[in-house]
Amino acid sequence: MKNSDYINALTERHGKDVYERLINSEVAIAGLGGLGSNVALALARAGVGKLFLVDFDTVDITNLNRQQYSISDIGKAKTAALYEKIRAVNPIIKIKRRKIKVTEKNAIELFKDYPIVCECFDKAENKAMLINTLLTGNRDITVVSASGMAGYGTGNTILSRKISDRFYICGDMVSGIEKGLGLMAPRVGICAMHQANTVLRLLLGEKEI
Amino acid sequence: MAKINGKENSTAKGKTIGSYLDENGYKKTYIAIEVNGSILSKTEYDSYIINDEDIIEIVNFVGGG
């Protein structure tokens, strides 16, 4: 497949205006687990021009139930494994990746070039840390976060919410692993697609939910 | 009356955010707070006093991803 064929196909599907806006946009994804791996692939398929993938972890057998990795990826860095997955569906996307643990100390510097950051961590304290650090430390960043997607309850309670102009959150807000609920592909996927759709809407100028 | 997470609250006025969080069982490491559209730094939790007109959103994160 030639790159020009791919570009023509995307343009035909999305229209030139949407294609142009997405190809010229950049999104950072913090955490490449059940949320992040799904968000990244959805945005790549939609034609976002550049993704920044951040995760310190390697692919584990326990990830296969909900994350976009394969058996052959076990042991690889998530940044490297996801890079290959994205490349396999989008030949023109630019991908930057960092295998690093995001902390209060490095978050501002790490994400300073990205207007939209997707918070895709799994631990509640890490989610709160990233939101607090980015929204107090950088006036230009908008964060699309997630909270509450564990278990196999109805998918209809998972929503996108706008907390402020720079803070969006997806999920049902209550179904956490603390309640003993397991994480399963469907609800994690629904939540990830809410995040990806919220990002897409922001990139295309739609600020309301 | 201050509005907290969408509901009018008649007793919060005059309290610090920190004491409101303690009284309501919030764990400070799991939350982010917006006051009137901007995030409140954790260092301000114990000094920020809730005003009558404040619109406050306390986001309580749960684990999973």
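How many strands and helices make up the secondary structure of chain B? Five strands and one helix.

A note before the views: this is a predicted model, in which local features need pLDDT of at least 70 and side-chain atom pairs count only at pLDDT 80 or more, while totals for chains, interfaces and linings use all residues. Residues are numbered from 1 along each chain as its sequence is written, with chains lettered from A and ligands numbered from 1 in the order in which they are written.

**View 1. The elements of chain B.** Starting at the N terminus, the order is β-β-α-β-β-β. Helices (H or I, at least four residues) and strands (E, at least two) are DSSP runs, numbered from the N terminus. Along the principal axes, the C-alpha atoms of chain B fill a box of roughly 35 × 20 × 20 Å.

**View 2. The core around Ala40(A).** Ile29(A) and Ala40(A) have the most contacts inside the largest nonpolar core, which has 73 residues. Such a core is a set of buried Ala, Val, Leu, Ile, Met, Phe, Trp, Tyr and Cys residues joined through C-beta atoms within 7 Å; buried means that 20 or more other C-beta atoms lie within 10 Å of a residue's own, with C-beta atoms placed from the backbone. Beyond its neighbours within four places in sequence, Ala40(A) is in contact (C-beta atoms within 7 Å) with residues including Ile29(A), Leu51(A) and Ile86(A).

**View 3. Where chains A and B meet.** Chain A brings 32 residues to the contact and chain B brings 17 residues. On the side of chain A that touches chain B, H6(A) gives the most, with eight residues.

Definitions and conventions
Buried ≥ 20, exposed ≤ 12 C-beta atoms within 10 Å, placed from the backbone. Contact = placed C-beta atoms within 7 Å.
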